[in-house]
Amino acid sequence: MARRRQLYEGKAKILFEGPEPGTLVQYFKDDATAFNAQKKGTITGKGVLNNRISEYLMQRLGEIGIPTHFIRRLNMREQLVREVEIIPLEIVVRNVAAGSLATRLGIQEGTRLPRSIIEYYYKNDALQDPMVSEEHITAFGWASTHDLDDIVQLTLRVNDFLTGLLLGVGITLVDFKLEFGRLYENDEMRIVLADEISPDNCRLWDAKTGEKMDKDRFRRDLGKVEEGYQEVARRLGILPEAGVRDMKGPEVMQ
Ligand code: 5GP
């Protein structure tokens, strides 16, 4: 296999130059970090499951007209995506109180929120992704008012759709984080959904028992971390055919 140029290595993914201009290969690692990388570990098979789960959810969102960077899955750990200019914001949507919202505002975890709440965080590891307001975003030029309008509209549609899809398989979508990018095509710019949607960046609870099936199992040392991710894939009907035995997958090719 030809060597590929690595463009970026993040905590859970590596980006390589894609086969055609304007494309990238997104490689999903088993590495897991939490609390701004103060806690590090490996979740065996996570990369394979997140690749598959994110493919599935991005495809379903594409079908309802949400523009995404996803093109196609290439293999167990890699997907081909469009190269976009990443907007340096994490868009968090919350339906149920948990995590930093529960801590910061003293709201009991599990309390259903009166309505879905969107929060913005500035993507900056050195600053530990601080929460910011629309004022900061537009004043510092991270996104225009128009970009933000698009982002909010898309985010609310994603939340509505995923809430229903997941509830259909017995999962409560508690909260999640999205990232968006600018896609330039024929002198036009469109905001598209980028990154991934997986148990790494969503809180997913069993709708009946409230059991956690996401990265909080790793963050909070709850055990059965791999099982949580597998259960999400199983309920979505997309557990890889090879099962979990082969999930260590190939070493990253460069
Ligand atoms: P919280 O602010 O409660 O820690 O996180 C809210 C939601 O956004 C959770 O579903 C969490 O997984 C996701 N999230 C927030 N920041 C990050 C981040 O830096 N990386 C990932 N993977 N997810 C995040």
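Which domains does the domain assignment give for the protein chain? It gives domain 1 (6–82) and domain 2 (85–224), with bounds that come from an automatic or database domain assignment. Before you colour them, note that this is a predicted model, where local features need pLDDT of at least 70, side-chain atom pairs count only at pLDDT 80 or more, and totals for chains, interfaces and linings use all residues. Residues are numbered from 1 along each chain as its sequence is written, and side-chain values use heavy atoms, leaving out hydrogens and water.

Taken over C-alpha atoms, the centres of domain 1 and domain 2 are 17 Å apart. The contact between them (heavy atoms within 4.5 Å) takes 30 residues from domain 1 and 24 residues from domain 2.

**Stop one: Ser54**

Select Ser54, which lies in helix α1. Helices here are DSSP runs of H or I with at least four residues, strands are runs of E with at least two, and both are numbered from the N terminus. Is Ser54 buried or exposed? Ser54 is buried, with a relative accessible area of 0%; buried means under 20%, exposed over 50%, and partly exposed in between, using a 1.4 Å probe and protein chains only. Now show its surroundings: leaving aside neighbours within four places in sequence, Ser54 is in contact with Phe28, Gln79, Glu196 and Ile197. The side chain of Ser54 reaches the backbone nitrogen of Ile197 at 3.0 Å.

**Stop two: helix α6**

Next, select residues 225–235, which form helix α6. Its buried residues are Val225, Gly228, Tyr229, Val232 and Ala233. They sit on the same side of α6 because they cover an arc of only 135° around the axis, going by the directions from the helix axis to the C-beta atoms. Here's the background: an α-helix has 3.6 residues a turn, so residues three or four places apart point the same way. What do the buried residues of α6 pack against? Look for α1 (46–63), β12 (171–185), β14 (202–206) and α5 (216–219). After α6 comes Gly237, with a positive phi near 75°.

**Last stop: the ligand**

Finally, click on the ligand. Zoom in on Arg219: one of its polar side-chain atoms lies 2.9 Å from an oxygen atom of the ligand. At Asp200, a polar backbone atom is 3.2 Å from a nitrogen atom of the ligand.

Technical notes. A polar contact is a pair of N or O atoms within 3.5 Å; within protein, one must be able to donate a hydrogen and the other to accept it, and residues adjacent in sequence count only if both atoms are side-chain atoms.
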